[in-house]
Amino acid sequence: MLSRWRFIVSGVAILLALVAPSVIVTRARAQEPVVTSVTTEDPLGGIDIMVLVDNSGSMFHEYNEKLDIVREGGGSDPEGLRFEAVRYLVSQLTYDNLFEWPGREHRLGVVTFGSSANTRTDVPLTSLRTADLDQREAVERSISEALRRENLGDTDFRAAFSKAAAAFGAPLEDRRPRTRAIIVLTDGDPMVARVATDAGPVTYWLDDERTKLNPQFMPAYMGVLAGEVAARFPRASAPRATDGYHLWVVFLGRHAPASSGAWQRIVGSDHWRLVSSAQQIAPVFSEILGTIYDPGLVIPEDFCVPPYVAEAAFSVFGLTPLREPDDVVFTRSDGSRVHPNDPDVILYKELGTGIRRLEVRRPAPGQWHYATRPGTRVQVRFDPVFGKPAVLSPAGPQTLLSETFVRVALNDYQGNPLAESPGFPLALEASMLSPSASSPTELHFSPAGNGVYISQEKLSFQEEGPYTLRLAASARGCSGEEFVLISPTTYTIPVGRPSGRLLDPACKDGECQPFRRVTFRFELVGPNGNQVSIPPEQGVRVTLTTAEGRQPAEMTRTEDGRYEHTLFVASGAVAPDRLIAEASVRREGREEVLCRAEQDVASLFSTLECANQAPRSTEGVDADTQSAIGFDLLVSGRPFVPDPSFPIDFGQSFAVAPNGDRRPLSGIRMVRAGRFEQAFVFDQPGLWRIHVAGTVSSPEGALLDAFAPCEWTVEAAETIPLCLRIESPQNGATLEHSSFPSLRNAWLRAGPPARPVTFRFRVETMPRAGTPASSAGAGFLRPGARLQDSYAVSLIGPGKEEYGHKVELAVDPEDPSVVVGTMPAPHPSGRYMLRVYWKEGASQHLSRPHVVGATCTGSSVEVELRVNPVHTAATIALGWIAPLALGAGLLYALGRELISRTGRMGGTLSLTDAADPARRLEVPINYRRRWHTVRLHGWPAQYGMRELKITSLGEGHIRLKVRFRKAFEEKDLGGRSREMLVAGRKVRITYQPPAPGGRTDVPPSGRRR
């Protein structure tokens, strides 16, 4: 919302209806240009106000004629109304700078004065432009804190005006005119010791004892002040003018001072006011600001909201305090009340002292009303934001001979379409003036929907130079009066000649191939660099020729407005250097060239190269075996594919045998993109010479060399072909890649131990007719060459994984023609394909006359690798179950021993034969354990009692197990005697707890009878 006013159309008039409607024109604002146009800007740079605040003694205390204090605190302004007035001015100006005029920069300064020596500038001219409410509050707070209530002695207005003159003298970067004003806040009468006049000095007192005032002092001082003010601050010629200073004096007190007449001659007869209470500050200073600058349209209680208002802003200034939300209530044209939470209300907020702001989006046109509570007085300013006009076409500079409709859109400040209001028809007026015409052509518009209007006539730009589009819009207001929505605005549309551009063929990015038909395209480009399409009826003709001066060919117009023509282009060596396209039109009986364009063609179509010839002499061939003569045709390093309409004739290619015979190469064919081969038998040992050449026939029948002839040599010899044969594993074999675990290799494994996979393959000679295959032997390698440099191994898993890089290969020391490969067992289980093959260039490691032959039948095998479930189970048992069981047993034994040693047993256990009481055995109990075993001997053993298992259950509580030959019997003695039948005899078992503090020293031998 801070930049909303930039969208208001200059010259907008709104209708205000009270009893009889009257037309009020809003402020002119800047309009956004769409085409190069005549634009208007805010002519005013802002306002500068210096406030001169009287802080003399009379503002604080009441004095008599001898200047004795009659009553302290009874001066002209004991309540500090002058400071409240400054705060009110700051609040109003910061509000305007933030909401109403963000393009301007208001400034305010404060000079506090008393005697000449005590006069100072408390606030220099300070910018009041802020970006948000927080900055606004900070500026108001800083100025308010600079205001101080002090008794500065005498009253010297001349010193205050001198400070103001110095403040206004500083230059500004903004060169726009500014409105300047000085507001004096005082009780009115000067007081200094003397004043110098042309007739001589005039003193304030008539006598040195200061008992009698000089009646000549007041007229003399005010006369000097009037002359200085008139010289330094010439008054503005009219309200809100920028040609001078707006001077105001506000007297603080109950009565105007004696010098009020002199002040009126200085500032103007109607530029003084009297303020005696806080309630007068708002209306008085609002009136003053209204004469200094345009504060906005002040509306009465009944007012008109015109149509096409995108947003209405209402600023409420309380002339009396605003305390309740319903102090001011707005009513729409349909009679409904405006609530702050209505969906079309953008903002409703308290802004500073006694200021409220209400913004309504797209208000309904018609008569609105606001009402105040009894006793509340306000001033309401209405600021409408109208739709933002936009010329959609023509947009930007235009091209000669082009055509377009004029399309105009009416949007709100956010760019949304502003539809036509029912009952308020919109009238658009436009005209177009060509550079040479003396009168404009009128344009008529029709609605095109969604706030867009389109001209009924199409514009045709037949001349170079500036065209002038004039646009205006009007509508009817609340009472049927016409008002201007868009003031007549002139747009300048420059029209220039088009330029031409030859487009690169579609094959430019690495796909251009010579010896084929290629389509070249041409387009007309406007001043903005974009393609333009001139209507066919304008008769634009485009011709295409070459720099060598071939016959020009006329290019054909396509549906997209471009022009194209197809040419046969050979290689870079014979292609045309440049293509030239020229666009022309026949005007006024003569051919007129509009533009031309050139393009380098040879750089797009490079020369063919014959490369990668094979076989070569370093490779060698078998003199009795069919070989392939091959070569690559490349264009800039990429494979060349001939156009079927222009094939290459290799009829001049041949091979020269060692004896000088010339053999034609008539079967050269393309086997893949860019690769050409022919089968050939080198039937003579020795050095052969290969010569390849080719030609292409142009559409005119001329033979063109396709590429520079290429030659190479091939050595043919009686050779022994070599091949590779896998000996193990056999094809279809099943291998186990796991072995039976031992305690060491099964320890904590997730799966069974892996068994490495091994294989063997042999290098042997290929069998010829009637000759069996045999090992090649160690002599087939050149000195210093290694067998592993000549072959490669590929191992493909069931999921198409490649494991060949993990194979470690070594030559069998007992047989140099055998290679052994080893690798860790791959995962997962399944079928694997093992293949052994010769590397490219393996022949360079072989001694003559051996050469690498075709692949043997046994050079690839398919095997299945699987995991033995028995091995897996054994691994789990040995590696996990056994260690866990052993650990559990150790933990159990250790825990049992620890628990046993945490207890204590004491007392005596007696065993007595019931038939023979003399047979008595005492077992002392004094153990630091929870349980103990006592082996029995003597007569208890004769009865079959082997041992006693004693368990302590608590203090003086024993549980006893008696072990016989074959079983246990458990007795819980609990401090009492028990009898049991043993071998037909009764045995009494008695437990005697230890005496308190007692100790049993008898060793637990169990041998006592």
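This is a predicted model: local features need pLDDT of at least 70, side-chain atom pairs count only at pLDDT 80 or more; totals for chains, interfaces and linings use all residues.
The chain holds eight helices and 67 strands. Residues are numbered from 1 along each chain as its sequence is written, and side-chain values use heavy atoms, with hydrogens and water left out.

**Whole chain**

- Of the 1009 residues in the chain, 46% are buried. Buried means under 20% relative accessible area, exposed over 50%, and partly exposed in between, with a 1.4 Å probe and protein chains only.
- Take the contacts between residues at least 6 apart in sequence: 68% of them join residues at least 24 apart. Contact means heavy atoms within 4.5 Å.

**Nonpolar cores**

- The largest nonpolar core has 77 residues. Such a core is a set of buried Ala, Val, Leu, Ile, Met, Phe, Trp, Tyr and Cys residues joined through side-chain atoms within 4.5 Å.
- Strand E29 (residues 482-496) gives this core its largest share, six residues.
- The residues with the most contacts inside the core are Phe314, Phe330, Leu469, Leu485, Phe522, Val540 and Phe605.
- Phe314 touches Phe330, and its other contacts include Ile299, Phe303, Leu358, Val360, Trp368 and Phe382. Arg356, Arg357 and Arg381 are also in contact with Phe314. Neighbours within four places in sequence are left aside here.
- A second, separate core has 37 residues, among them Ala85, Leu128, Trp248 and Leu252.
- In soluble globular proteins, nonpolar side chains tend to be buried together.

**Helices H3 and H4**

- Helix H3 (residues 157-168) packs against helix H4 (residues 217-232) at an angle of about 10°, with the axes 10 Å apart. Axes are lines fitted to C-alpha atoms, for helices over the stretch in contact, and angles run from 0 to 180 degrees between N-to-C directions.
- H3 and H4 are therefore roughly parallel to each other. Angles under 35 degrees count as roughly parallel, over 145 as roughly antiparallel, 65 to 115 as roughly perpendicular, and the rest as oblique.
- H3 contributes Phe157, Arg158, Phe161, Ser162 and Ala165. They meet Tyr221, Val224, Leu225, Glu228, Val229 and Arg232 in H4.
- The residues of this contact divide into seven nonpolar, one polar and three charged. Ala, Val, Leu, Ile, Met, Phe, Trp, Tyr, Cys and Pro count as nonpolar, Asp, Glu, Lys and Arg as charged, and the others, Gly among them, as polar.

**The six-stranded sheet**

- Six strands form an open sheet in the order E7-E6-E3-E8-E11-E12, with mixed pairing. Two strands pair if DSSP finds at least two bridges between them.
- Strands E7 (120-127) and E12 (272-275) stand at the edges with a single partner strand each, so one side of each is left without a neighbour in the sheet.
- From one strand to the next, the twist averages 15°.
- Strand E6 (residues 107-113) runs antiparallel to E7, joined by five bridges. Val110 has Val123 in E7 as its bridge partner.

**The five-stranded sheet**

- A further open sheet has the order E22-E29-E28-E24-E25, again with mixed pairing.
- Strand E22 (398-399) and E25 are its edges, each with a single partner strand, so one side of each is left without a neighbour in the sheet.
- E28 and E29 pair antiparallel over 11 bridges. Arg476 stands opposite Glu482 in E29.
- Strand E24 (residues 426-433) pairs antiparallel with strand E28 (residues 465-476) over eight bridges. Ala427 stands opposite Ser474 in E28.
- E24 also pairs antiparallel with strand E25 (residues 441-443), over three bridges. Here Met432 stands opposite Thr441.

**Around Gln678**

- Gln678 lies in strand E46 (residues 675-681). At 11% relative accessibility, Gln678 counts as buried.
- Strand E41 (residues 626-635) pairs antiparallel with E46 over seven bridges. Gln678 is the bridge partner of Ile629.
- Strand E45 (residues 669-672) pairs antiparallel with E46 over three bridges. Arg669 has Glu677 as its bridge partner.
- E45 and E46 form a hairpin with two residues between them. Gly674 in the turn has a positive phi of about 85°.
- The C-alpha atoms of Gln678 and Ile668 are separated by 4.8 Å, and the two residues are 10 apart along the chain.

Technical notes. Helices (H or I, at least four residues) and strands (E, at least two) are DSSP runs, numbered from the N terminus.
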